[in-house]
Amino acid sequence: MVTPAARRLAVGWLQDGFGVSQRRSCRVLAVVRSTIQYRSRRPDDSALRAELIGLAAQRRRFGYRRLTVLLRRGGSHVNHKKVYRLYREEGLAVRRRKRRKLVAGARIILAAPTQPNQRWSMDFMGDSLATGRTFRILNLVDDYSREAIATEVDTSLPGLRVVRVLERVAETRPLPAMIVCDNGPEFTGRALDSWAYARGVQLHFIRPGKPIENAFVESFNGRLRDECLNESWFADLREARMKIGVWRIDYNEVRPHSALGNRTPIEYAQGESLPS
């Protein structure tokens, strides 16, 4: 497809090279003259462009839709189409990481929770320090509000440590009726089983090899990996805890979630509407 800029260049080349008029050049090239004479009347977008570039530098894994929400929160009354145009012109598009497609199987679908602290999900993920030493992260998510309740970081997180994390969380909020988890030894061991029985919490174990049945925390794991772990360098365990903790607060209180109508988990749990 020939762009308007290319047409103007071709017409200008004929005019300068052969000394013919613009009208004659357009006739030879079968170009409508009005398209050559048109000049854009768009307002100056330099301030918006600079703000968009700044946000994209801070949020390297955010696409234009989520950046549009942040611009509007900052007071810019901007159309998402304009943001998309500037986003493409500045080459800010996020490179998508390809995922291997898996064969879909029968799923066990739980009823959707209707209020906060009705059902939680938890799972482990791992990463490594700059020294090469590996560490683990215990993620605990509220399935209703998508709030990241806890991200416990350490080199070892056995069942007793999982119980201590849940007890610490129980000091500030009510425990759910159900917690969804996989069949890892930390979750199927005696420590967590005894705690759940004493606390009246049902442990719902997904089928082995079916992480889709724990979709809420798996989705959170993906965001944590993409926006924090892959974008950070951890010198030691202390720095890993600090950076992951800061990201968790941002995830809960600042980051817009498309599944929540571009609200944050805290706003959604409190029933707040998105600012206009």
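Helix H4 (residues 46-58) and helix H5 (residues 64-73) pack at an angle of about 120°, their axes lying 10 Å apart. This is a predicted model, in which local features need pLDDT of at least 70 and side-chain atom pairs count only at pLDDT 80 or more, while totals for chains, interfaces and linings use all residues. Residues are numbered from 1 along each chain as its sequence is written, and side-chain values use heavy atoms, with hydrogens and water left out.

H4 and H5 are therefore oblique to each other, a term for angles that are not under 35 degrees (roughly parallel), over 145 (roughly antiparallel) or 65 to 115 (roughly perpendicular). On the H4 side, the contact (heavy atoms within 4.5 Å) is made by Leu 48, Glu 51, Leu 52, Leu 55 and Ala 56. H5 contributes Leu 67, Leu 70 and Leu 71. These residues divide into 7 nonpolar, no polar and 1 charged.

Strand S1 (residues 119-128) runs antiparallel to S2, and 9 bridges join them; strands pair if DSSP finds at least two bridges between them. Opposite Phe 124 stands Leu 138 in S2. The hairpin of S1 and S2 has 5 residues between the strands, and Gly 132 in the turn has a positive phi of about 95°.

S2 also pairs with strand S3 (residues 148-154) in the antiparallel sense, over 6 bridges. Here Asn 139 has Thr 151 in S3 as its bridge partner. In the hairpin of S2 and S3, Arg 146 takes a positive phi near 65°. Strand S2 (residues 134-142) is largely enclosed by the rest of the structure, because 7 of its 9 residues are buried, that is, under 20% relative accessible area.

Notes. Axes are lines fitted to C-alpha atoms, for helices over the stretch in contact, and angles run from 0 to 180 degrees between N-to-C directions. Helices (H or I, at least four residues) and strands (E, at least two) are DSSP runs, numbered from the N terminus. Ala, Val, Leu, Ile, Met, Phe, Trp, Tyr, Cys and Pro count as nonpolar, Asp, Glu, Lys and Arg as charged, and the others, Gly among them, as polar. Buried means under 20% relative accessible area, exposed over 50%, partly exposed in between (1.4 Å probe, protein chains only).
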